[in-house]
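Subject: The model, and some notes to go with it

Hi there,

Here is the structure I promised to pass on. Have a look at it first, and then read my notes below.

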Amino acid sequence: MPVTAAVEQTTGEGVSHIALNRPEALNALTPDMRERVIRLLSEASADPDVRAVVLTGTGRGFCAGADLRGGTGGGERIPGDVARTLRLGAQRLIAAVLDCEKPVIAAVNGTAAGLGAHLALACDLVLAAESARFIEVFVRRGLVPDGGGAYLLPRLIGPQRAKELMFFGDALSAVDAERLGLVNRVVPDGESDKTAREWAGRLAAGPTRALALTKQLVNASLDADRASAFAAEAAAQEVNMTTQDAREGLRAFVERRSPEFRGR
């Protein structure tokens, strides 16, 4: 009997489709799974034939967070161990999503808890099935949020709402997540992957370098003053105008036709 991969990946029509595949554990992330997702995102970022990424989970859950079954409470700790583990683990995973040069779509098919919630919210676009839930589960375990949560949430919904979610750890429905601005669209159960593929197809047909530069500008803008943001915008425009897609877009406008972008 063939061994099923804990992270499955397929590529077609310019889209890398990454699926967490431990449904019996609600796709809780093991270190090996985390490293494979980081590697796949890095490969997608560098591959000119990949122009969009879809990240999802199999079964009833998107991702229940980090797999803690190995135990975190026992044994003696050396000062610096926890911080080092976070830097090299959960924070690298979130950074891999934020830094990926291709647009990343999260198709949240079920529970997204802890690091799993942050993995989804780090994506550029978030689709959620009606039964999906987002849970800042850390407080329930007596833990501080990790995986970039205290960085991501205030930027998405403001500090007050972020504190409410993190202080109480209540499950947030897909509808409420959309209302708060954490989710782009809620779709019927069973349709999140289909919709994600449709969106990814549209992105894969777009001007890939322009999308990459746009992602960089938007992500950096929240940490920059106006002068820095304007300078970055001007530099991005300068770089983008050297691409074949930019020239094609301008020609298509003049010729009154739809552009045919090649991702170059």
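Let me start with a question: which residues of α8 are buried? They are Ser192, Thr195, Ala196, Trp199, Ala200, Leu203 and Ala204, where buried means under 20% relative accessible area, exposed means over 50% and partly exposed is in between (1.4 Å probe, protein chains only).

Before going on, please note that this is a predicted model, in which local features need pLDDT of at least 70 and side-chain atom pairs count only at pLDDT 80 or more, while totals for chains, interfaces and linings use all residues. Residues are numbered from 1 along each chain as its sequence is written, and side-chain values use heavy atoms, with hydrogens and water left out.

Helices (H or I, at least four residues) and strands (E, at least two) are DSSP runs, numbered from the N terminus. Helix α8 covers residues 192–204. Its 13 residues reach 18 Å from first C-alpha to last, close to the expected 18 Å (1.5 Å times one less than the number of residues). Among the elements that cover its buried residues are β2 (15–20), β3 (52–57), β5 (104–108) and α9 (208–221); contact here means heavy atoms within 4.5 Å.

Now the sheet. It is open, with 6 strands in the order β1-β2-β3-β5-β7-β10 and mixed pairing; two strands pair if DSSP finds at least two bridges between them. At the edges are β1 (7–12) and β10, each pairing on one side only.

The hairpin of β1 and β2 has 2 residues between the strands, and glutamate 13 in the turn has a positive phi of about 55 degrees.

Finally, the axes of α9 and helix α10 (residues 226–240) come within 10 Å and cross at roughly 170 degrees (axes are lines fitted to C-alpha atoms, for helices over the stretch in contact, and angles run from 0 to 180 degrees between N-to-C directions). That makes α9 roughly antiparallel to α10, a term for angles over 145 degrees. Arg209, Ala210, Leu213 and Leu217 of α9 make the contact with Ala232, Glu233, Ala236, Val239 and Asn240 of α10.

Best wishes

Note on methods:
Parallel < 35°, antiparallel > 145°, perpendicular 65-115°, else oblique.
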